[in-house]
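I am opening my notebook on a new structure.

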Amino acid sequence: MRRGWTLTILAGFGFVFLYAPILSLVVYSFNDSRLVTVWAGFSTRWYAALFTDRAILNAAWVSLQIGVVSATLATALGTLAALVLTRFGRFTGRLLLTGMATAPLVMPEVITGLSLLLLFVSMELTLGWPAGRGMTTVIIAHTTFCMAFVTVIVASRLRDMDESLEEAARDLGAGPVRVFFDVTLPVIAPALVAGWLLAFTLSLDDLVIASFVSGPGASTLPIVVFSKVRLGVSPDINALATIIIAVVAVAVAIAGWQMTRAARRRRQGR
Amino acid sequence: MSAAPEPPAPRPRRWLPGPRWLVIAVPMAWLLLFFLVPFFVLGRISLSEPMIARPPYSPLWEVLADGTRVWLGNLENYRLLVEDTLYRNAYFSSIRIAAVSTVAALLIGYPMAYYIARAPEPRRTILLLLIILPFWTSFLLRVYAWIGFLQREGLINQALLGLGIIDAPLRMLNTDFAVYIGIVYTYLPFMILPLYANLVKLDEAFLEAAADLGAGPVTTFFTVTLPLSLPGIVAGCMLVFIPAIGEYVIPELLGASGTLMIGRVLWNEFFSANDWTMAAAVAVVMLFVVVAPIMWLQARIDRQGGGT
């Protein structure tokens, strides 16, 4: 089994590569010293520093609000787009919508950010709206780029779904709106949840687009973090990272537990 | 999979503004206004000149006293883009850095994807979740973690010095090497997931057949596994290469001040030089030189039925 060993070692190296930096963030967030190189004993002072830092707390609140609103908008719009692309057959402008619904996936963030900023500035000059830049403009920008991800996820679920369910409902006299809410929506609900979570994460994570379209009062968490880490390592950011990693790890562990349970049930059912 | 095509119900009212039309109009209008129109604004502003004003660019038309309009736009920004080697170098070095990182991600990701695809069931799900987990944490913080690893007094230098492998600390942070590491690290899950999706479907019977016919493991890999996983390789490489090429954060945090990447040049034109018109011109060229070929290539791959 020489081949098996080489593979295991290579894969193991890959996992170490993936996790060593994350673990070092966690370990050094409990370091008493400001220097990353010196271990000066266990301490939680950086967590205390983090929770008294008004700039970071404000930014986190701004980011959460933007994330919830834009994920919700992106899920609604993305679901509509996915429905149109998979269920509406031919219509004028179909090709255009297909292109616009997926192009944001390959668009470099610097281009999306700059072009939206220039749009907002031009709109303000000609229409008087949006007045200045702030949370509204960030929400619009995030909704636009997150929507593409939702569209892809929901459209693939809609394609996999058994259309005879919808046909049966139609045959029984349900109108299109009723069919959507009573039949389609319950089936694609997991895809909507997945899409919302992805959109929320992408919105919370975005630095580049937000930097272009945000205004003075609406610094998001990544903008504040970036301005700090640009100057080098700072331990309170390690504490912030540890909190984020812990939240994500718990969420992923719950999801994983659910997945293995579902898989086991499926195997037993067979 | 019923044989009947679409039921003909909505056909008669196709051109009337009804609920169907409304459902199409909402996402269409949003994307037209916030995705398509911005590119025309981008093109328009790239024809202006920087000016000390708010917003900082010159108007395209000048209305004279007698009401005639004079066209003021010009291609000065594009002339500069072609003539100044800084921009050309930035485009080439973006492509180079993205390509090198993509190959490195493939070399690291392939064995991992293969290992996960061959793992027995409970372990396979856990390993997959371990690949996805870093993706859900903050991108910025994962790049930031490497500063502590690569810097002069960082963990890698300390370990190498402690083991006596090197005498003086290596310069790793603020080099192209650090940028490669940052890109590979950030986008590795995007490489592994499509590879895994492909490799998990690989029929073991092919491998057994190859072994029965006398092929060694290495021959089997290069003649059976690798060609069959080509769609996964293409999909994974696209998912790494595309975001890498416009990257700003990674070269800014980990690269040298001279590490030119086109996303960083655009950022600096806008934020440091406050030259919105030049930033717009850089973006327009990027659309045609980088984004358009990628979209064309992806459409071709999709039509061939491979990829994603």
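Which residue takes a positive phi just after H5(A)? I looked, and A:Gly128 does, with a phi of about 80°. I keep in mind that this is a predicted model.

**Entry: helix H5 of chain A**

I stayed with H5(A), which covers residues 109-127 of chain A. I checked its length against its residue count. The helix has 19 residues, and at 1.5 Å a residue these should span 27 Å.

**Entry: H3 and H6 of chain A**

Next I took two helices of chain A, H3 (residues 54-87) and H6 (residues 135-160). Their axes come within 5 Å. They cross at roughly 40°.

**Entry: H7 and H10 of chain B**

I moved to chain B and picked H7 (residues 176-199) and H10 (residues 230-245). Here the axes come within 8 Å and cross at roughly 160°. That angle is over 145 degrees, so H7(B) and H10(B) are roughly antiparallel to each other. H7(B) passes H10(B) in a right-handed crossing.

Which residues make the contact? On H7(B) I found, among them, B:Ile183, B:Tyr187, B:Phe190 and B:Leu195. On H10(B) I found several, including B:Pro231, B:Ile233, B:Leu239 and B:Val240. I sorted the contact residues too: 15 are nonpolar, three are polar and none is charged.

**Entry: domains of chain A**

I looked up the domain assignment for chain A. It gives domain 1 as 55-231 and domain 2 as 233-270. How far apart do the C-alpha centres of the two domains lie? The answer is 24 Å.

**Entry: where the chains touch**

Last, I looked at the contact between chain A and chain B. It takes 73 residues from chain B and 71 residues from chain A. Which helix gives the largest share of the chain B side? It is H1 of chain B (residues 19-45), with 18 residues. I sorted the chain B side as well: 59 residues are nonpolar, ten are polar and four are charged.

Notes: Residues are numbered from 1 along each chain as its sequence is written. Chains are lettered from A and ligands numbered from 1 in the order in which they are written. This is a predicted model: local features need pLDDT of at least 70, side-chain atom pairs count only at pLDDT 80 or more; totals for chains, interfaces and linings use all residues. Axes are lines fitted to C-alpha atoms, for helices over the stretch in contact, and angles run from 0 to 180 degrees between N-to-C directions. Helices (H or I, at least four residues) and strands (E, at least two) are DSSP runs, numbered from the N terminus. Angles under 35 degrees count as roughly parallel, over 145 as roughly antiparallel, 65 to 115 as roughly perpendicular and the rest as oblique. A crossing is left-handed if the near helix is turned anticlockwise from the far one by less than a right angle, and right-handed if clockwise. Two residues are in contact if their C-beta atoms, placed from the backbone, lie within 7 Å. Ala, Val, Leu, Ile, Met, Phe, Trp, Tyr, Cys and Pro count as nonpolar, Asp, Glu, Lys and Arg as charged, and the others, Gly among them, as polar. The expected span of a helix is 1.5 Å times one less than its number of residues. Domain bounds come from an automatic or database domain assignment.
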